[in-house]
Amino acid sequence: MPDPSNEAATPATSRHQRRREKTRARLIEAARTLVAERGVDAVGLSEITDAADLGVGTFYNYFASRDEIVEAVAEESIESLGARMDSMTENMPDTAERFASSLRHLVRHAMSDPLWGWFVVRLGIAHPKLIDILGPRAARDLRYGVDAGRFTITDIDIATACVFGSLLSTLHHVVSAQTPDNIDEIYARAMLCMVGMDPTEAEEVATRPLPELP
């Protein structure tokens with residue numbers, strides 16, 4: 001016979017877990033907003049807890065430091081998008097389109113969610129978590145293009161650094177200035193030309209219908 005005490009504990013455990021998830025989400029959102037507004041170095045731990053309307057003691061129930069919560073925000077804000085792009089491009093036969101589609105979605109995401117765009121820009125090229133998430137993906141797609149004969153690159157690492165730096169600059173431009181609606185296509189075309197594609201072909205690839213993210 002089932003133990004009634006165990007059955008009674010299940011709803012309470014679920015409620016407790018939901019409360020913990022909501023509290024963690026409040027901290028994550030507060031950190032994300034503050035970093036987007038000011039940059040990592042200008043945000044203190046107490047400011048995060050104040051914005052989330054929580055005590056500092058509560059913060060330490062979830063994160064060990066400010067750096068840890070910033071990494072968690074990056075993981076949730078960027079890694080999830082990266083995984084969706086991976087799924088979208090996995091079966092694309094053209095490696096050039098794969099590369100261009102991922103770049104276009106990153107730019108479009110900043111257009112539709114400027115707070116996300118500012119977070120990535122403020123996090124900056126020096127933050128290891130951002131490099132860890134996006135760097136390997138860019139290098140992988142560039143290598144696929146080289147192996148397929150679509151790109152002409154002498155150094156994958158340098159090309160990856162160029163793509164990474166130009167992406168952050170483009171996102172900054174998108175969130176801080178008036179840009180044309182097809183800025184994602186313009187950027188993708190420039191990157192395809194950078195990796196050795198003919199401008200006419202780069203234009204054709206960069207303006208193909210963009211698949212939706214899963």
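Helices (H or I, at least four residues) and strands (E, at least two) are DSSP runs, numbered from the N terminus. The model is predicted: local features need pLDDT of at least 70, side-chain atom pairs count only at pLDDT 80 or more, and totals for chains, interfaces and linings use all residues. Residues are numbered from 1 along each chain as its sequence is written, and side-chain values use heavy atoms, with hydrogens and water left out.

**Exercise 1.** Locate aspartate 53 among the helices and state whether it is buried or exposed.

*Solution.* 
Step 1. Helix H2 covers 45–52 and helix H3 covers 56–59; aspartate 53 sits in the loop between them.
Step 2. The relative accessible area of aspartate 53 is 64%. Buried means under 20%, exposed over 50%, and partly exposed in between (1.4 Å probe, protein chains only). Aspartate 53 is therefore exposed.
Step 3. Aspartate 53 is not a glycine, yet its phi is positive, at about 60 degrees.

**Exercise 2.** Describe the surroundings of serine 166.

*Solution.* 
Step 1. Serine 166 belongs to helix H8, which spans residues 156–176.
Step 2. With a relative accessible area of 19%, serine 166 is buried.
Step 3. Contact means heavy atoms within 4.5 Å. Once neighbours within four places in sequence are left aside, serine 166 is in contact with Tyr187 and Met191.

**Exercise 3.** Summarise the protein as a whole, from its elements to its charges.

*Solution.* 
Step 1. Count the elements: there are 10 helices and zero strands.
Step 2. Take the extent: the C-alpha atoms fill a box of roughly 70 × 50 × 30 Å along the principal axes.
Step 3. Of the 214 residues, 45% are buried.
Step 4. Among contacts with a separation of 6 or more, 70% come from residues 24 or more positions apart.
Step 5. The mean positions of the 22 positive charges (Lys and Arg) and the 33 negative charges (Asp and Glu) are 5 Å apart. His and the chain ends are not counted.

Methods:
The place of a charge is taken as NZ of Lys, CZ of Arg, CG of Asp or CD of Glu.
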